[in-house]
Amino acid sequence: MADNEPQPGEGLTYSDNISLSWKPADHDLDQTHLAMVSASNEAFLRAVAILGDGWPGKEPPESGSSLGAEVARLDLKLNLVLDLVATLVYRELDIPEARAVKVSSTGVAWRGEAVPAPGEQVFLELYIQRGLPKPLCCYGEVVTSPEDYAAGMARARFIGLSGSAHDWLDKLIFRHHRREVAFRRAQDQEASNS
């Protein structure tokens, strides 16, 4: 598995250095428990979308208007407060080290010193939103090939993600993917102008 190559059936992916932790699932994954986890993930992903977009579903007021200027000023202040609070919370929590992770709507891939074995069911915590010390918590089935496992790579397919939670995750992945593409284009433009 090449770190930056999409795997068959994945669709859009994004790669980033994020905190990720995993542990073996220590109980049966019944539908009631999976539904509760999925509902929590849906609420979390909605909040991430609002934080990430700022103006979900509509354009902000025109910046030339006094209302637009006031809203922009309040938005900057709120973002600063959120950044400061997140910094303080991060110091108090035991958040794992960031590592290169690739996320798709169907699963996640990462490299590590100790990775779960193929076929294992795991509980994952993915800190997918920078500055937000709350993870996306989900279950996965490890679908790593024996060769990748021997090389310290892991790939897990999400288990029990509801349709609406899946849709919100797709939106997040699309937003991250769009930012990656824009960043690469800006780098290419700078390189061609040099």
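I take a disulfide as a pair of cysteine sulfur atoms within 2.5 Å. I found zero disulfides in the structure. Cys 137 is in none, with the sulfur of Cys 138 the nearest at 7.5 Å.

I noted that this is a predicted model, where local features need pLDDT of at least 70, side-chain atom pairs count only at pLDDT 80 or more, and totals for chains, interfaces and linings use all residues. Residues are numbered from 1 along each chain as its sequence is written, and side-chain values use heavy atoms, leaving out hydrogens and water.

Is Cys 138 buried or exposed? I read a relative accessible area of 4%, so Cys 138 is buried (under 20% relative accessible area; exposed is over 50%, partly exposed in between; 1.4 Å probe, protein chains only).

Next I looked at strand 6, residues 153-159. Strands are DSSP runs of E, at least two residues; helices are runs of H or I, at least four; both are numbered from the N terminus. Six of the seven residues of strand 6 are buried, so the rest of the structure largely encloses it.

I checked its pairing (at least two DSSP bridges between two strands). Strand 3, residues 107-111, pairs antiparallel with strand 6 over five bridges. There, Gly 107 faces Arg 157. Strand 5, residues 136-142, runs antiparallel to strand 6, joined by four bridges. Val 142 has Ala 156 as its bridge partner.

Last, I turned to helix 4. Its buried residues include Leu 169, Leu 172, Ile 173 and His 176.
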